[in-house]
Amino acid sequence: MTAYPHLFRPITLGHLTLPNRVLMGSMHTNLEEAPNGFERLAAFYAERAREGVGLIVTGGIAPNPQGAVFQGAATLERPEQVADHRKVTDAVHAEQGRICLQILHAGRYAYTSEPVAPSPIQAPINPSTPRELSRDEVASTIDDYVRCASLAREAGYDGVEVMGSEGYLINQFICRRTNRREDEWGGDLANRIRFPVEIVRRIRAELGDDFLIVFRLSMIDLVEEGSTSEDVVALGRAVEKAGADVVNTGIGWHEARVPTIVTSVPRAAFSEVTRRMRDALSIPLITTNRINMPEVAERVLAEGQADMVSMARPFLADPAWIAKARDGRSEEINTCIACNQACLDHTFQGKLTSCLVNPQACHETELVIEPAGEARSVAVVGGGPAGLAAAVTAARRGHAVTLFERQSELGGQFNYARRIPGKEEFDETLRYFRVMLDRHQVSVRLGMAPSVHDLRAFDEVVLATGVRPRRLDLPGIDHPKVMSYPAAIVHAERVGPRVAIIGAGGIGFDVAELLTHAGHPALDVEAWCEEWGVDLTVSTPGGLREPRRPTVPRRVTLLQRKTSKPGKGLGTTTGWVHRASLRHRGVETLVGCEYVGVDDEGLHIRQDGEPRLIEADTVVVCAGQESVRDDLEALHEAGVSVHVIGGADKAAELDAKRAIDQGTRVAAAL
Ligand SMILES: Cc1cc2nc3c(=O)[nH]c(=O)nc-3n(C[C@H](O)[C@H](O)[C@H](O)COP(=O)(O)O)c2cc1C
Ligand code: SF4
């Protein structure tokens with residue numbers, strides 16, 4: 001008997017019956033364009049299918065070169081491209097999985113020299129103004145969708161997902177915001193939705209009933225002049241009538257200034273918008289975004305918010321998510337913490353998608369964790385992210401591992417991160433590692449710093465001793481009002497009402513977030529919607545309403561020495577959220593500051609040569625870290641085989657992604 005009866009109830013979609021209610025959501029990984037990319041994609045998807053994913057949707061593939069998100073991005077438009085896709089479908093089918101190809105035309109979101117769109121209106125996130133598609137081109141673009149679907153079928157796909165959301169071409173036709181046409185493809189709603197409806201109708205007519213058509217429909221655009229709930233329902237009904245088997249949910253255009261997938265978005269925050277569509281349609285509906293654990297998926301399904309859930313990033317974090325949930329091993333799930341640092345940020349930087357908590361994601365053929373040829377004794381010193389990853393990986397390979405942690409609890413820098421409002425998901429990563437240490441019989445010694453003598457007894461030593469905050473050489477640095485960032489995070493109640501934070505990097509931003517937080521549970525959907533101005537009923541165009549400024553408990557000034565944009569090092573896809581969040585909270589940011597000293601009045605600085613006082617009851621120092629590796633030389637001298645990882649290796653590049661990746665790779669090679 002499963003703990004998740006709704007999640008593991010079979011469902012029939014079109015001609016397919018699936019064993020569970022989970023769709024692996026579309027993710028373009030950049031393997032689509034990489035050398036040997038399709039072999040690697042085949043390995044990536046096959047592993048997920050083997051572990052029980054019922055239905056996979058590929059990353060977006062363009063139906064023609066104009067529709068490619070960037071120059072050279074993958075298309076499916078010619079018969080000779082079919083063989084590559086065959087590798088993927090064969091691998092998935094060999095594992096009893098099913099897979100649909102996502103057809104995505106970027107429209108004005110194409111980062112190419114001449115993007116096209118229904119109307120020549122520039123997207124705020126693209127420097128190029130699109131060219132308006134002629135009537136003939138609209139017709140030929142529909143032909144391209146149909147040809148792409150036919151080739152997908154030839155390649156062995158079980159169906160297609162027509163990408164109609166996130167502000168891409170189809171969405172651009174649907175909304176007045178981007179469609180000012182006066183022909184039959186613009187004007188009233190019936191005309192604006194004609195493009196997607198024709199695409200679905202033509203694919204159905206061409207490919208018959210035994211080919212799945214999923215339509216990804218933007219149920220809340222989160223942009224001005226977006227659709228209202230009436231528009232969304234009318235579109236849903238029209239695509240159902242045109243032949244779609246199932247409607248998947250899309251949330252927010254890429255240009256929206258409301259976060260939709262980052263870690264501060266409450267889990268399943270948007271399932272309510274899918275539920276509101278349910279009575280209007282007879283085909284199944286899939287909900288999406290920030291559903292990352294089985295109890296969340298089960299609740300969404302049990303409450304009738306949708307017929308299925310889509311999860312994308314959770315399958316980067318853990319390929320065996322389904323098998324673990326099904327077999328009563330949920331506590332072993334490596335949870336997606338919605339950080340975007342190794343997935344979406346990589347995509348935007350042109351790198352391969354991967355995962356902060358699972359560096360094997362999209363590296364299945366290259367980062368292989370195999371049983372060790374010879375089991376050895378391994379000491380891992382330091383229980384932060386790097387040490388945890390190294391200890392678990394080494395133990396998985398059969399080594400006898402002892403993990404030493406000087407503090408009374410595991411986690412290192414994660415213990416600070418998890419206390420920041422909106423970063424609670426880090427608790428899940430710690431839970432995962434604790435369970436894995438136990439499962440692989442790692443001997444954990446808390447409150448213990450081993451001596452060089454102790455470490456000589458091991459075959460291999462992994463030094464993951466982390467960092468300590470860098471001390472500032474500043475007059476008044478020993479004033480009682482000065483706190484280090486670890487102290488301010490752990491003892492926030494000791495921080496006064498007026499705060500100056502020295503250092504506007506990632507940690508400075510986190511401290512500012514914590515100290516200005518109003519106190520409601522950070523993952524409360526209602527409070528979050530109020531703060532960001534989200535109307536889940538979508539009675540307003542795009543589902544936007546006036547945001548409510550949060551009441552803040554402290555007045556915070558965030559300062560940095562450099563004149564560059566504050567928050568250097570924040571992710572491409574998350575930095576803007578942090579900046580907007582601090583703006584909402586009235587945090588003042590000052591750049592180009594020269595620090596003069598701290599006294600009873602506060603923090604004295606110079607800006608442009610002018611002296612200035614930042615009145616403050618507390619001054620928090622977030623001015624970087626230095627590596628802790630005091631024993632390294634002695635270990636070398638003692639002839640110990642030692643590997644230095646994480647912050648102990650490079651304090652300046654301190655980040656959990658690098659730490660976990662390095663810990664995993666070092667241990668995979670021991
Ligand atoms: C690396 C990455 C690539 C993505 N590429 C696509 C895509 O090609 N097409 C698409 O419809 N959605 C894409 N998405 C969005 C996901 O399908 C999904 O909507 C989003 O990640 C939220 O769901 P989640 O919280 O389950 O990850 C991508 C997401 C990520 C993280
Ligand atoms: S990198 Fe972060 S957001 Fe992306 S899949 Fe991994 S845990 Fe999730």
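**Ligand shell and salt bridges in a predicted model**

The shell around ligand 1 divides into nine nonpolar, nine polar and three charged residues. The model is predicted. In total, 21 residues surround the ligand. The closest are Ser-26, Gln-102, Arg-216, Ala-312 and Arg-313. Two secondary-structure elements, strand S4 (55-61) and helix H12 (344-348), each supply at least two residues of this shell.

At Gly-60, a backbone N or O atom lies 2.9 Å from a ligand oxygen. At Ala-312, a polar backbone atom is 2.8 Å from an oxygen of ligand 1. On its own, ligand 1 has 600 Å² of accessible area, and the protein covers 93% of it.

A UniProt annotation from an unreviewed entry, "domain: NADH:flavin oxidoreductase/NADH oxidase N-terminal", covers residues 7-331. Over residues 7-331 the chain is 34% helix and 16% strand. The end C-alpha atoms of this segment are 17 Å apart.

Salt bridges were then examined. Side chains of opposite charge can pair when their charged atoms come close. With a cut-off of 4 Å between a side-chain nitrogen of Lys or Arg and a carboxyl oxygen of Asp or Glu, the count comes to 51 salt bridges.

One of these joins Asp-210 and Arg-153, with the closest N and O atoms 3.1 Å apart. The pair links distant parts of the chain, 57 residues apart. Asp-210 sits in the loop between helix H6 (194-207) and strand S9 (212-220). Arg-153 belongs to helix H3 (residues 135-154). Asp-210 has a relative accessible area of 43%, so this residue is partly exposed. Arg-153 is at 30% relative accessibility and therefore also counts as partly exposed.

Another salt bridge pairs Glu-531 with Arg-585; here the closest N and O atoms are 3.1 Å apart.

Salt bridges join Arg-267, Arg-290, Glu-425, Glu-428 and Arg-431 into one network. Within it, Arg-267 is found in the loop between strand S10 (246-251) and helix H8 (271-278). The side chain of Arg-267 makes a polar contact of 2.8 Å with the side chain of Glu-425. The Arg-267 side chain also makes a polar contact with the side chain of Asn-292, at 3.1 Å.

Terms used. Residues are numbered from 1 along each chain as its sequence is written. Chains are lettered from A and ligands numbered from 1 in the order in which they are written. This is a predicted model: local features need pLDDT of at least 70, side-chain atom pairs count only at pLDDT 80 or more; totals for chains, interfaces and linings use all residues. Side-chain values use heavy atoms; hydrogens and water are left out. A residue is near a molecule or strand if one of its heavy atoms lies within 4 Å of it. A polar contact is a pair of N or O atoms within 3.5 Å; within protein, one must be able to donate a hydrogen and the other to accept it, and residues adjacent in sequence count only if both atoms are side-chain atoms. Accessible areas come from the Shrake-Rupley method with a 1.4 Å probe; for residues, only the protein chains shown count as cover. Helices (H or I, at least four residues) and strands (E, at least two) are DSSP runs, numbered from the N terminus. Ala, Val, Leu, Ile, Met, Phe, Trp, Tyr, Cys and Pro count as nonpolar, Asp, Glu, Lys and Arg as charged, and the others, Gly among them, as polar. Buried means under 20% relative accessible area, exposed over 50%, partly exposed in between (1.4 Å probe, protein chains only). UniProt positions are given in the numbering used here, feature names are shortened, and annotations may be inferred rather than shown by experiment.
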